[in-house]
Amino acid sequence: MRRTQIGWADGRAAAAIRSAGPADLAALSDFFAGLSSRTRYLRFFGPVTPGAALLRSLAGCADTIDAVVAVRGGVIIGHAMAADRTDPRGTRVTDIGVVVADAWQGRGLGAALMRAVITGAQVRGVALLEMDVLGHNRQVLEMITSHWPAACVERSPDCVSIRIRLPQRSSNPRLIEPDLATG
């Protein structure tokens, strides 16, 4: 199980980012139920409270899903997942989703969760990262475009679809995409 400690320069309490699994089902249920309707809407494109089947996916119970959680004091405060597939041309692609508890938003936790799932995707040989973001979710769209100015962005009436080519995994496991490493 991978585990990363994160902290903030201003002395705020650290959180741990670790792999999620079946043992986290109840805690994930509590985490998602505790999110505001707005936050759930931004993550799931609707005010969804995950049921049992979706919770199993969010916990990474399927072979094609990598899921991580940010934990502080034994409580989940953030979640990210990457769902892998192979496109028709044979390219390994992952679709990611990230959500942070309302009280923890704007503190860099979302970027730390993104680093964790991107690093995992690179280890698995994923070449292309995909994200769908609601068009009015300016905070997330600005974060993505600031880290990846060359991202392919397609707008539709429903959402903004973003595709990012991932660099090949370095032989140094501490090196990831340079501009996300600082965010």
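Student: How many aromatic pairs does the structure hold?
Tutor: There are 2 aromatic pairs, where rings of Phe, Tyr and Trp (its six-membered ring) pair if their centres lie within 6.5 Å. This is a predicted model, with local features needing pLDDT of at least 70, side-chain atom pairs counting only at pLDDT 80 or more, and totals for chains, interfaces and linings using all residues. Residues are numbered from 1 along each chain as its sequence is written, and side-chain values use heavy atoms, with hydrogens and water left out.

Student: Why is the pair of phenylalanine 31 and phenylalanine 32 edge-to-face?
Tutor: The ring centres of phenylalanine 31 and phenylalanine 32 are 5.0 Å apart and the planes sit at 70°, so the pair is edge-to-face. Planes under 30 degrees apart count as stacked, over 60 as edge-to-face and the rest as tilted.

Student: And what about phenylalanine 32 with phenylalanine 44?
Tutor: That pair is tilted, at 5.6 Å centre to centre with 55° between the planes. It links distant parts of the chain, with phenylalanine 32 in helix H1 (residues 25-34) and phenylalanine 44 in helix H2, 12 residues apart. Helices (H or I, at least four residues) and strands (E, at least two) are DSSP runs, numbered from the N terminus. Ring pairs join Phe31, Phe32 and Phe44 into a cluster.

Student: Is phenylalanine 44 buried or exposed?
Tutor: Phenylalanine 44 counts as buried, at 18% relative accessibility, while phenylalanine 32 is buried with a relative accessible area of 0%. Buried means under 20% relative accessible area, exposed over 50%, partly exposed in between (1.4 Å probe, protein chains only).

Student: OK, switching to the core. How many residues has the largest nonpolar core?
Tutor: It has 47 residues, and Phe32, Trp148 and Ile164 are among those with the most contacts inside it. A nonpolar core is a set of buried Ala, Val, Leu, Ile, Met, Phe, Trp, Tyr and Cys residues joined through side-chain atoms within 4.5 Å.

Student: Which helix gives the largest share of this core?
Tutor: Helix H4 (residues 109-123), with 8 residues.

Student: Now the largest pocket: what's its volume?
Tutor: About 870 Å³, a volume being the space filled by probe spheres set on the grid points, joined across faces, edges and corners. On a 1 Å grid over the protein atoms alone, a pocket is an open set of points where a 1.4 Å probe fits, with protein on both sides within 12 Å along at least five of seven lines; lining residues have an atom within 4 Å of a point.

Student: Which strand gives the most to the lining of the largest pocket?
Tutor: S5 does, with 6 residues.
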